[in-house]
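Here's a quick briefing on the model below. Have a look at the fold, then read on for pockets, strands and surface.

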Amino acid sequence: MTERLYYTDPYRTEFDATVRSIGTLDGRTAVILDRTAFYPTSGGQPYDTGLLNGVRVVDVIDQDEGGIAHIIDAIGAVREPPLLRTGDRVHGVIDWPRRFEHMQQHTGQHLLSAAFERVASARTVSFHLGADTSTIDLDRELAIEDVKRAEDEGNAVVWEDRLVTIRFAGPQDAKALPLRKEPLRTGTLRIIEIADCDVSACGGTHVTRTGAIGIISVAGSERFRGGLRVSFVCGVRALRSLRRLSDAVSGSLRFLSVAPDELPAAIERAQDENKALKREIRQLREKLAPHEAAALAAGARRVGDRAIVARSVEGADATALKALASAITAPNGYAVALFSDTAPFLAVIARSADVEIDASAVLKSLLARFGGRGGGRADLAQGGGLQGALPEILRAA
């Protein structure tokens, strides 16, 4: 059994311990200590990283028998690592920025989950703390207005800088507590209480006052398994998210030469103009298609009684390629393989009614060699995603 220092002091960044055993876990070196401040992956929260006698701790795993395995990476040591043996004293150092970031997200999740229950009677089914964003899965769908209300209520508690306390409760005491969620485990429970807001059984690391969360920002929501999945960021992650958004908006403003409040309308205008140009190009290509098809047919290579056209067509999309191929093969005697001029390549294979070639078989052969997907009939097949040198693809066709 490893003593878990983070249970009572989540702000502890350094500690000394004794090596109880050293072994391997999935081919990696695993060190078991008598005590640790390293948090193992558990309850939706990722593990801590840091150093153990100058050696990188790259994973922390909670074992069934109560021990905590510290997976070390001697290659990533900050200095020549000493040989660890059972009974050795070691010094551990937690990667504090990573730990604190997780503390902000996890405590923010408690606040947000409690807010969803109060605002919309929506219970949290599961929680996941990801590398960039975190998610809460709610047991029912909500209107966007309810999501915003919960976000506002959670942030109100953040800015009131309420006390967050840790205590332990036996089975009888736990029954008397207003726990937000029925605990999955039995026996003595670790209780995280946010003053006048939330009481939950939780083994994760948390800030000691809600003000340390900084801000809770809901990044988005989507339907998920009959409920709602809410993505959110807190604290330092919210700051990073704001900076990315600010950089994206600033770049868009420079590109479109508009003021910030004019950006949505400018994007809409640009989309409308783009659609109009695409329509115009499509109409012009339709008018030019017979002439372009005639030019391609005139350059066909004769093989016996067949005329073979194997070419790339500049700027052509799938629709244009199909229209050209159909126009070329309308008369008898033609076999056609047309491709776009940029990778990954589009392909259209077609043949005239009197030519005994299976276009779908030809395409299948090309896809097997150059990748991509597609299908069709014996007289016309089309696909996309081909990779490789275009001259080689044309020779193969």
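Helices (H or I, at least four residues) and strands (E, at least two) are DSSP runs, numbered from the N terminus. This is a predicted model, where local features need pLDDT of at least 70, side-chain atom pairs count only at pLDDT 80 or more, and totals for chains, interfaces and linings use all residues. Residues are numbered from 1 along each chain as its sequence is written, and side-chain values use heavy atoms, with hydrogens and water left out.

**Largest pocket**

- A pocket here is an open set of points on a 1 Å grid over the protein atoms alone, with protein on both sides within 12 Å along at least five of seven lines; lining residues have an atom within 4 Å of a point.
- The largest pocket holds about 790 Å³ of space, where a volume is the space filled by probe spheres set on the points, joined across faces, edges and corners.
- Of its 31 lining residues, Gly-43, Leu-184, Ala-201, Cys-202 and Gly-203 are the closest to the centre.
- Helix H1 (96-120) and strands S9 (124-129), S12 (189-194) and S13 (198-201) each supply at least two lining residues.
- S9 gives the largest share of that lining, with four residues.

- A cavity is a set of grid points where a 1.4 Å probe fits but cannot get out.

- Five of the seven residues of S21 (residues 380-386) are buried, so the strand is largely enclosed by the rest of the structure.
- Two strands pair if DSSP finds at least two bridges between them.
- Strand S19 (residues 345-351) runs antiparallel to S21 and is joined to it by five bridges; Val-348 sits opposite Gln-382 in S21.
- Strand S20 (residues 373-376) pairs with S21 in the antiparallel sense over four bridges, with Arg-373 opposite Gly-384.
- S20 and S21 make a hairpin, with three residues between them.

How values were computed: Buried < 20%, exposed > 50% of the residue type's maximum accessible area, 1.4 Å probe, protein only.
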